[in-house]
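Please load the model in a viewer and keep the selection panel open.

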Amino acid sequence: MRLRGYLVCATDAEAQAIRAHVAEHIRLSRAEPGCLTFDILETDDPLVWEAMEAFRTRADFDAHQARTRDSHWFAATRGILRDFRVEELRD
């Protein structure tokens, strides 16, 4: 499973919330079973962040989504627009 897209902040405060929590979110996500890659990177626009992640299976991806929904990351960033595309990868 692969997710690609953007987190689009409406305010500097939202961007600061990402900056405050992104390192721990990345660390925890990369440690999850089945995580192949996981990056959230600042773009040239200080209010836009690029997200790229891949998980070995749908079950691994679903477990990541469940963990994330119950995390400090999600609590701090829940109001930020997420413009993501998820696709299933073939072997």
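Select Thr68: this residue is buried, with a relative accessible area of 6% (buried means under 20%, with a 1.4 Å probe and protein chains only). Thr68 lies in helix H2 (helices are DSSP runs of H or I with at least four residues, strands are E runs of at least two, both numbered from the N terminus). Leaving aside neighbours within four places in sequence, show His25, Trp73 and Phe74, which Thr68 contacts (heavy atoms within 4.5 Å).

The model is predicted: local features need pLDDT of at least 70, side-chain atom pairs count only at pLDDT 80 or more, and totals for chains, interfaces and linings use all residues. Residues are numbered from 1 along each chain as its sequence is written, and side-chain values use heavy atoms, without hydrogens and water.

Next, select Glu53, Gln65, Thr68, Arg82 and Phe84, the closest to the centre of the largest pocket among its 15 lining residues. A pocket is an open set of points on a 1 Å grid over the protein atoms alone, where a 1.4 Å probe fits, with protein on both sides within 12 Å along at least five of seven lines; lining residues have an atom within 4 Å of a point. H2 gives the most to this lining, with four residues.

Now move to Leu7, Ile18, Ile40 and Trp49, which touch the most other members of the 17-residue largest nonpolar core (buried Ala, Val, Leu, Ile, Met, Phe, Trp, Tyr and Cys joined through side-chain atoms within 4.5 Å). Helix H1 (12-30) is among the elements that supply at least two residues of this core, and H1 gives the most, with four.

Key:
Buried < 20%, exposed > 50% of the residue type's maximum accessible area, 1.4 Å probe, protein only.
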